[in-house]
Amino acid sequence: MVVETDDIQLVRAAQTGDLWAFEELVRRHETRVYRVALRLLGSPDEAEDAAQEAFVQVWQALPAFRGESSVSTWLYRIVTNRCLSLMEARRGYEPLSERYEAPTAGPQRATETHDALAALKKAVLHLTPEQRVPLVLRELEGRSYDEIAEILEISVPAVKGRLHRARLEVVVAMRQWL
Amino acid sequence: MTGREDLSRLPCGTNIANLVDQIAEGVASADPAHQADCPDCQATLRELEHVWGTVRTVAREEIVPPRRLIESVFRRIRQELRALGQLVPLEAVIPRLVRHALLGGPRGATRIADSVVARIVAKAARDTPGVHALSVRELAAPKAGAPGRLAPRGVAVDISGHSVSVEVRLVVAYGTSIPALAAEVRRRVIRRVEVLTGLETTDVQVAVDDVFGDPDSLPHRIVLRRPPGRP
């Protein structure tokens with residue numbers, strides 16, 4: 001029977017210096033890693049940088065990976081931390097309101113789905129990093145509470161609390177589009 | 001932000017945050033009897049459904065990483081290895097242009113290059129009665145990661161893990177039922193790829209680009225080929 005090589009096998013091979021196995025690992029997860037970075041940062045350029053840095057860091061961290069969490073959880077943790085550092089670094093001198101222009105149409109009812117989607121992404125990017133990460137991981141990436149707790153290395157009740165507040169913020173921001 | 005205070009409780013006393021979690025998690029109401037009769041709750045739930053519909057749409061959006069991402073990752077790794085004083089052959093850290101199917105096994109993995117699969121597909125298609133040839137026309141949009149260099153023309157394969165998606169472009173013999181032929185090509189390609197590689201073919205896109213031997217097209221071609229200066 002043919003069995004697709006699983007992620008753990010690839011990591012084990014990469015740990016012995018098999019760069020081919022590492023390349024396959026990157027190929028399998030590049031979409032996920034880039035996607036979460038884009039959702040957290042909002043800028044394709046920054047997302048590309050963050051994804052690249054994350055994979056280099058994954059490679060550096062290979063010897064330390066013991067298989068206590070799944071490979072995808074581990075990758076999420078690395079890219080998420082990368083994005084959090086970037087958010088921290090740009091805090092203060094690059095206000096979001098300038099990066100992401102408010103729609104010029106004003107607060108009338110949105111008739112176009114496109115506007116609503118743009119408004120939602122903007123609302124997500126306006127959340128504090130502490131709230132944004134759980135919201136993106138839960139609502140956009142579809143991760144479980146347990147996995148998010150593992151990714152962020154916080155408790156499940158802490159995840160629920162942050163998510164609860166993040167959802168409310170999003171609803172408040174989106175009310176003009178209702 | 002304005003209106004935050006409006007968002008704590010509805011006039012009926014329901015905590016809006018609980019309704020938000022109810023919609024976001026898709027779980028049952030904590031107080032179904034009240035919600036069913038309360039116009040405030042009903043109206044708010046409708047609004048929240050609307051917002052969360054947008055959230056779900058954004059979640060489904062397809063996001064494709066830039067193609068140079070893998071290359072830039074490996075360039076960085078190569079620099080790191082050099083900085084560590086390790087000699088690394090260039091080809092060891094440049095992602096291969098050829099993609100492989102990867103079959104895991106207890107005593108080692110087997111890799112099959114996509115060009116190998118493409119050749120098997122080409123042969124299976126050509127052997128189907130009614131197929132005159134593979135089309136030499138370039139594929140309009142090469143599949144992601146398709147090598148091109150080694151693959152026969154008229155065939156593209158896209159390998160992912162141990163499944164493969166195939167596209168073939170054909171020139172068919174005039175008089176053959178094209179739908180029946182396409183079905184037969186599909187059947188043969190799937191069967192031969194499975195027997196020879198163990199890979200599962202998820203889909204076979206068949207394009208018919210030309211027919212061969214159409215008698216009606218002959219006079220047209222003769223006119224075109226008539227040497228100049230003769231009636």
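At what angle do helix α1 and helix α2 of chain A pack? Before the answer, a word on the model. It is predicted, so local features need pLDDT of at least 70 and side-chain atom pairs count only at pLDDT 80 or more, while totals for chains, interfaces and linings use all residues. Residues are numbered from 1 along each chain as its sequence is written, and chains are lettered from A and ligands numbered from 1 in the order in which they are written.

Now to the two helices (DSSP runs of H or I, at least four residues, numbered from the N terminus). Helix α1 (residues 7-15) and helix α2 (residues 19-41) of chain A pack at about 140°, their axes 7 Å apart. α1(A) and α2(A) are therefore oblique to each other, since angles under 35 degrees count as roughly parallel, over 145 as roughly antiparallel, 65 to 115 as roughly perpendicular and the rest as oblique. From α1(A), the contact uses D7(A), L10(A), V11(A), A13(A) and A14(A); from α2(A), it uses A21(A), F22(A), E24(A) and L25(A). Here, contact means C-beta atoms, placed from the backbone, within 7 Å.

Next, look at where the chains meet: 39 residues of chain B are in contact with 36 residues of chain A. On chain B's side, α3(B) gives the largest share, nine residues.

How confident is the predictor in chain A? Its mean pLDDT (confidence in each residue, from 0 to 100) is 85, and 84% of its residues reach 70 or more. Over residues 97-110 of chain A, however, pLDDT stays under 50.

Technical notes. Contact = placed C-beta atoms within 7 Å. Axes fitted to C-alpha atoms, helices over the stretch in contact; angles between N-to-C directions.
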